[in-house]
Amino acid sequence: MKKIFFLLRRILLTSIMLVDRLFLLLLQPLLGMILVIHLLYMTTTETEFDNYQIAQSVTELWTPLTEDQRRLLAESITVCRYQKNDIIYQEGDTPECLFCLIEGKVKIYKEGIGGRQQIVRMAKPHGFFGYRAGFVDDQYSTSASAFESSTLCHIPLPVLKSIISENSDVAIYFIKLLASLLGSADEQTVSLTQKHIRGRLADALLRLRDKYGVAGDGHTLDISLSREDLANLSNMTTSNAIRTLSAFASEGLIALDGRNISLLNEERLQHISEMG
């Protein structure tokens with residue numbers, strides 16, 4: 001009787017194990033399908049959310065749009081990431097899109113004699129660049145590269161032109177943007193051609209402060225520049241930039257810590273900039 005009991009018990013346990021294995025074999029593909037569907041859903045949802053989030057972050061452009069235009073903009077943009085020194089566009093290229101800086105820093109420059117760069121301007125966060133040539137169907141007259149790891153939003157020019165043709169508020173916004181850019185270019189031309197070295201360097205430091213702000217200490221510029229880049233921004237040789245920075249530091253106007261520059265006496269720097 002005992003033998004029959006143990007035999008029946010073994011058969012029962014074996015049956016349970018077989019049922020469990022069969023259940024797992026049937027369940028695993030189903031779980032895999034559920035996981036794949038979930039990942040695809042999450043990926044699609046996250047991408048759409050990111051596009052809308054990024055489009056909304058450009059408040060000046062997003063606010064005056066209609067719902068249809070907002071949907072078109074969010075569906076059309078492309079988010080691209082650039083590493084330090086990556087080329088975004090080059091002089092002579094044909095524009096295909098407008099760029100908006102979401103995160104990071106970008107420099108716009110021209111190649112001069114002997115390959116020396118002249119930095120025309122630095123793109124500010126959530127600022128547009130690379131649109132002048134596209135609006136007049138011209139080639140780029142400047143080049144742009146990532147000054148540090150940066151995230152950019154690409155807006156196709158046909159999409160933007162379509163929105164501008166339908167929405168006068170967006171057209172006025174870009175007219176004001178171009179007018180402001182022209183005014184800044186006029187001031188920079190005077191600074192680079194008429195001011196002495198000290199005035200040009202003081203002006204460059206203050207412009208960097210206005211564009212990128214300062215760190216938590218309230219003094220250190222929120223951008224780390226090489227001496228060469230600072231020279232290219234101020235239209236001077238690298239050696240002159242180094243000497244002038246050292247002079248400013250010895251006078252207590254700034255403090256230097258590698259590539260980090262702290263503005264200690266902004267009032268005096270402003271005076272130097274204005275006097276040239």
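**Exercise 1. State how many helices and strands the chain has, and what share of its residues is buried.**

Solution. The secondary structure comes to ten helices and ten strands, where helices (H or I, at least four residues) and strands (E, at least two) are DSSP runs numbered from the N terminus. The model is a predicted one, in which local features need pLDDT of at least 70 and side-chain atom pairs count only at pLDDT 80 or more, while totals for chains, interfaces and linings use all residues. Residues are numbered from 1 along each chain as its sequence is written, and side-chain values use heavy atoms, with hydrogens and water left out. Of the 276 residues of the chain, 37% count as buried, a word that means under 20% relative accessible area, with exposed meaning over 50% and partly exposed in between (1.4 Å probe, protein chains only).

**Exercise 2. Describe the largest nonpolar core and find which element gives the largest share of it.**

Solution. A nonpolar core is a set of buried Ala, Val, Leu, Ile, Met, Phe, Trp, Tyr and Cys residues joined through side-chain atoms within 4.5 Å. The largest such core has 27 residues, and those with the most contacts inside it are Leu-208, Phe-248 and Ile-254. The elements that each supply at least two residues of this core are strand 5 (117-123), helix 7 (197-212), helix 8 (227-234), helix 9 (238-250), strand 10 (260-263) and helix 10 (266-275). Helix 7 gives the largest share of this core, seven residues. Apart from this core lies another, of 19 residues, among them Leu-61, Leu-73, Cys-153 and Val-170. Returning to Leu-208, and not counting residues up to four places away in sequence, its contacts (heavy atoms within 4.5 Å) include Met-122, Leu-221 and Leu-233.

**Exercise 3. Work out what lines the largest pocket.**

Solution. On a 1 Å grid over the protein atoms alone, a pocket is an open set of points where a 1.4 Å probe fits, with protein on both sides within 12 Å along at least five of seven lines, and lining residues have an atom within 4 Å of a point. About 1,200 Å³ of space lies in the largest pocket, a volume being the space filled by probe spheres set on the points, which are joined across faces, edges and corners. Its lining has 41 residues, of which Arg-121, Leu-181, Ser-184, Ala-185 and Lys-211 lie nearest the centre. Helix 6 gives the most to this lining, with 14 residues. By class, the lining has 21 nonpolar, ten polar and ten charged residues, where Ala, Val, Leu, Ile, Met, Phe, Trp, Tyr, Cys and Pro count as nonpolar, Asp, Glu, Lys and Arg as charged, and the others, Gly among them, as polar.

**Exercise 4. Classify the aromatic pair of Tyr-131 and Phe-135.**

Solution. Rings of Phe, Tyr and Trp (its six-membered ring) pair if their centres lie within 6.5 Å, and planes under 30 degrees apart count as stacked, over 60 as edge-to-face and the rest as tilted. Tyr-131 and Phe-135 lie 5.8 Å apart centre to centre with 50° between the planes, and the pair is tilted. Tyr-131 counts as buried because its relative accessibility is 5%, whereas Phe-135, at 25%, counts as partly exposed.
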